[in-house]
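Here's a walk through the model on your screen, taken piece by piece. Keep the viewer open and follow along.

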Amino acid sequence: MVEDMEKIKNLEELPGVGPAIAEKLREAGYLSLESIAVATPIEIKEVADIGESTAAKIINSARDACDMGFVRGDEILEKRMQIGRITTYSNNFNHLIGGGVETQAITELFGEFGSGKTQLAHQVAVSVQLPKELGGLERGAIYIDTENTFRPERIQQMSEALDLDPTETLKNIHVARAYNSDHQMLLAEKAEDLTKEGDIGVIVVDSLTSHFRAEYIGRGTLAPRQQKLNRHLHTLQKIADLYNLSILVTNQVMARPDMFFGDPTQAVGGHVVGHQATFRLYLRKSKGGKRIARLVDSPNMPEGECLFRIIEAGIRD
Ligand code: ADP
Ligand code: MG
């Protein structure tokens, strides 16, 4: 009886899922129990080549295994009281997002090429390491790099500016290059192992969407792309909740001056990201090398804009 009650941890342990089906599920990007738990029977039916009722049973077992039930309001409040904030080193930017990049949340930086997404991601990977009284979490960073734009030299510059030892700072940033969207999803799952061992305060995914965009071209492939992206974000959100850390993702979009107050992310997987990100910031270039960040929607912060700069020392007002 005790054995029966033991928690399911792997896909293979779900009733109705053997090694062959587990393999098919993983190949389709369903890497965790959570990803199954939030899927629809039709999706699972198709990728695993099984009947719809079996698919539904598998999903229900995954849901049971994930404890996806009700939580008391006071428990949520208690958890929210643990939220930490990482300074961006721009007071304006911090103020816009309520004090810094929040843990237990996904923050999305979107904007066109050169708008400062990668620079902000580098800054956060450095400042997360600062002591709490200086705006950090005294924890390291995981950096999933899809565009090969991570620059250790830049980390050195930024850490020197904060009187941090550049070598130590670099040692606390675990960088992985993602070669395609499946690899990227796998790295997000692997990131969880690393967070268990070490002490990670932020996981950066720069860029979240580039592989997905490149691999799923054309209208017909939009739905599967969004589903996969959705699962990826779900994995990340789960890690953010479990380990009280921040997720910082970037999303490159075309500038669309014609619809400035509309949704400029319309073109690129914006929808799914939009619904899962807690903070969405639209970055754009301004006069004199300055940048503008606009908070697009957040559950508990007013919309607004601020100016910031990118200098050799990093992000500043
Ligand atoms: P993206 O949004 O495409 O990721 P980046 O974050 O890479 O954009 O921003 C690139 C811009 O950052 C450059 O065009 C430059 O203006 C600025 N930048 C990069 N490195 C430095 C530096 N060492 N000193 C000052 N500005 C820099
Ligand atoms: Mg970039």
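Serine 207 sits in the loop between β6 and α12 (210–215). The helix and strand labels come from DSSP runs, H or I over at least four residues for helices and E over at least two for strands, numbered from the N terminus.

A quick word on what you're looking at. This is a predicted model, in which local features need pLDDT of at least 70, side-chain atom pairs count only at pLDDT 80 or more, and totals for chains, interfaces and linings use all residues. Residues are numbered from 1 along each chain as its sequence is written, chains are lettered from A and ligands numbered from 1 in the order in which they are written, and side-chain values use heavy atoms, with hydrogens and water left out. The protein chain has a mean pLDDT (the predictor's confidence in each residue, from 0 to 100) of 88, and 91% of its residues reach 70 or more. Two stretches stay under 50: residues 1–5, with 0 contacts (heavy atoms within 4.5 Å) beyond four places in sequence, and residues 257–269, for which the model has 23 such contacts.

Now for the inside. In soluble globular proteins, nonpolar side chains tend to be buried together. Here the largest nonpolar core has 33 residues, and Phe93, Val202, Leu281 and Leu283 have the most contacts inside it. A core of this kind is a set of buried Ala, Val, Leu, Ile, Met, Phe, Trp, Tyr and Cys residues joined through side-chain atoms within 4.5 Å, where buried means under 20% relative accessible area, exposed over 50% and partly exposed in between (1.4 Å probe, protein chains only). The elements that each supply at least two residues of this core include α7 (91–96), β4 (140–145), β6 (200–206) and β8 (279–285), while α8 gives the most, with 5 residues. Take valine 202: beyond four places in sequence, its contacts include Ile86, Val124, Ile142 and Leu248. A second, separate core of 23 residues includes Ile106, Ile200, Ala240 and Val249.

Is alanine 105 buried or exposed? Alanine 105 is buried, at 1% relative accessible area, and lies in the loop between β2 (101–102) and β3 (106–111). Among its contacts beyond four places in sequence are Gln237, Ala240, Ile247 and Phe279. Arginine 309 in strand β10, by contrast, is partly exposed at 33%, and touches Lys290, Gly314, Ile315, Arg316 and Asp317, leaving out residues up to four places away in sequence.

On to helix packing. Axes are lines fitted to C-alpha atoms, for helices over the stretch in contact, and angles run from 0 to 180 degrees between N-to-C directions. Helices α11 (residues 181–197) and α13 (residues 222–242) pack at about 10 degrees with axes 10 Å apart, so α11 is roughly parallel to α13. Angles under 35 degrees count as roughly parallel, over 145 as roughly antiparallel, 65 to 115 as roughly perpendicular and the rest as oblique. The axes of α4 (residues 41–48) and α5 (residues 52–65) come within 8 Å and cross at roughly 115 degrees, and these two helices are therefore roughly perpendicular.

Tyrosine 89, in the loop between β1 (85–86) and α7, has a positive phi near 70 degrees without being a glycine. Asparagine 244, also not a glycine, has a positive phi of about 50 degrees and lies in the loop between α13 and β7 (246–252).
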